[in-house]
Amino acid sequence: MKVTFNPTLPALLIALTLGGCSVLDQANAPANPAQPAAEIAPPAEPTVYGQFRQDTLLDLLTAEIAGQRNRFDIALDNYLKQARSTRDPGITERAVRVAEFLGNEEAANEMTALWVEIAPQDPEALRSAAIHLARANQHEQAMDMMQRALDLHGETHFDFLALAAAQTDPQTRNALLTSLKQMQERHPDNAQLVFARALLLQQADRPEEALALLESHPRSKEVAPIILLHSRLLAEQDTQRAESLLYDGLERFPDDIRLRLMLARLLVSDGNFKDARVQYQKLASDNPDDADLLLSLGLIDLELGNAEEAVVHLQHTLQLAPGNNTARYHLGSAYLAAGRSEDAMLTWQSIDSGNELLTSRVQIARLLLEQERITALQAQFQQDRDQHPQHGLTLFQIEIEALMGAHPELAMAQTNTALQAYPQDTSLLYSRAMLHAQLENLRGVEEDLGAIIEQEPNNAMALNALGYTLADHNVQLDRALALITRAADLAPDDPAIQDSLGWVHFRLGNLDRAEDLLRAAYEAYPDQEVAAHLGEVLWRQGSKREARKVWREALKLDPESTLIPSTRDRLEAE
């Protein structure tokens, strides 16, 4: 809560001090009416004023001036002194607010207790006392204060009490739930009691009970925070019902940002980007300076293929938040989707910090590779390594990965360069091993994967890769089996390792064992390579029809696969 100081109050206090007396509205202070002028008729209901001594007024004046100069410590000291001295409810409330602003719970607790003592019928005093008692883990006393407020005024807020109990032990939380239930029995129509109970049940990891409680409460009595909690709980079970609840809530509370934002996010999670866009458009229109909402709207437009609209929203986001590299990264994607590749390139190149620095370089590498600008690609990454040496290794890896597919020789040369800068780095050794495999250099594969295993004997990925390479070349099969078995022991649920184990058993002639392993691997991970292996094992066993069925299903998942057609053609040609 922000404490604001009235700029006119010091002048008023000075005037009163110079006059030797003061008049501050004090409902509970003794009356001392001034003598009215003859020509002015007295009011029908005389206003009651309280009188303060000159030293009190000077302390209050000092407090106000100190507050205006951001010396809230001095302001608090003076308010505390005068609240204790005068027992004035207005001064005491002021002391509470300054203590809250400073986070001084000890002072806030003292002043709220005094405030309740002075003004026991004031609901704001009771509520403030309850808040600070709850923060001090004095939940029973806090509940007592809220019960008094409820009995006096019939309506009050209990959500803060539930939130304050979030970190309490189960016993305390259950006691609060019992108290709230008893209070609800006395006030069955109080929506805030229902809300507080539901919050506590949610915090106690009892969402079904929380949802049942809210479902039993008349929908017409739900206020926006209750609808929000209700929809959040409902979304765990039925997102469509949750969305319907939010739509109904927005009919009653069309200006509630939280309800609309919750609805927009649920629609996005359901993949309903079209309707989500309607909600984000409304939010952004009502909050034109909210960069996060504009970013969300731009991302949805990008998802919907509205590239030009996405560009507009993301540009606006950057006008509001120039340092938002997430928006800048996606603006590059929007430019690319709109066919503005040079704008995309310049936008990504302008990112020079944060997580988006590296992701933008992945996009730059892809774009330059598509444009066959290999020299520009290499120059870009050399420049980036010079400017961002802390990311040197990752930048090498991105560049190598980009070159590996179409330019393995260049990728190999760059990997060798990287290994000079980062000797024996296992990620670089693994990349070079894969390049050796691509270039059919079995000895190079063995050397680099062997170097990794020597450094990291329990590196399941390297063990599996070396074992599979040997099996695929149909050499050193016993060694291949031992390596892959070690990898399987380290990562028993990895389908890639199960595939390798099945393949080495196939090479060893253990067709039944190979089939079992490959079926399990394919069920867990229906990849084209696993499908090719399983189909070949089935083919060798004479189950050619089933083999063709496996290949057909795999091609539906990956129509661009070249491995399955080549395997099928090779076997059919035998």
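Hi everyone. What we have here is a predicted model, where local features need pLDDT of at least 70, side-chain atom pairs count only at pLDDT 80 or more, and totals for chains, interfaces and linings use all residues. Residues are numbered from 1 along each chain as its sequence is written, and side-chain values use heavy atoms, with hydrogens and water left out.

Let's start with helix packing. Helices here are DSSP runs (H or I, at least four residues), numbered from the N terminus. α3 and helix α4, residues 89-102, pack at an angle of about 150° with their axes 9 Å apart. Those axes are lines fitted to C-alpha atoms over the stretch in contact, and the angles run from 0 to 180 degrees between N-to-C directions. α3 and α4 are therefore roughly antiparallel; the cut-off for that is over 145 degrees, while under 35 counts as roughly parallel. The crossing of α3 and α4 is left-handed, meaning that the near helix is turned anticlockwise from the far one by less than a right angle. On the α3 side, the residues that meet α4 include F72, L76, Y79 and L80. Their partners in α4 include I91, A95, V98 and F101. Contact, by the way, means heavy atoms within 4.5 Å.

Now compare helix α16 (residues 291-304) and helix α18 (residues 325-337), which pack at about 30° with axes 10 Å apart. That makes this pair roughly parallel. α16 passes α18 in a left-handed crossing. Here L295, L299 and L302 of α16 meet α18 residues including T326, H330 and A334.

Next, the inside. The largest nonpolar core has 80 residues, and W348, I400, L449 and Y522 touch the most other members. Helix α26, residues 460-472, gives the most to this core, with eight residues. Apart from it lies another core, of 43 residues, among them L200, A235, L263 and Y280. A core in this sense is a set of buried Ala, Val, Leu, Ile, Met, Phe, Trp, Tyr and Cys residues joined through side-chain atoms within 4.5 Å. Buried means under 20% relative accessible area, exposed over 50%, and partly exposed in between, using a 1.4 Å probe and protein chains only.

Back to Y522: leaving aside its neighbours within four places in sequence, Y522 is in contact with D527, V530, A531, L534, V550, E553 and A554.

I400 brings us to α22, where I400 is buried along with residues including L395, F396 and L403. The buried residues of α22 pack against α20, α21, α23 and α24. And what should the 13 residues of α22 span? At 1.5 Å a residue, 18 Å, and the end C-alpha atoms are 18 Å apart, which agrees. The expected span is 1.5 Å times one less than the number of residues.

T426 and I453 are 27 residues apart in sequence, yet 9.2 Å apart in space, C-alpha to C-alpha.

Last stop, two loops. Most residues other than glycine have a negative phi. N70, in the loop between α2 and α3, has a positive phi near 65°. Is N70 buried or exposed? At 57% relative accessibility, N70 counts as exposed. Q476, between α26 and α27, has a positive phi near 45° and is partly exposed, at 39%.

Note on methods:
Angles under 35 degrees count as roughly parallel, over 145 as roughly antiparallel, 65 to 115 as roughly perpendicular and the rest as oblique.
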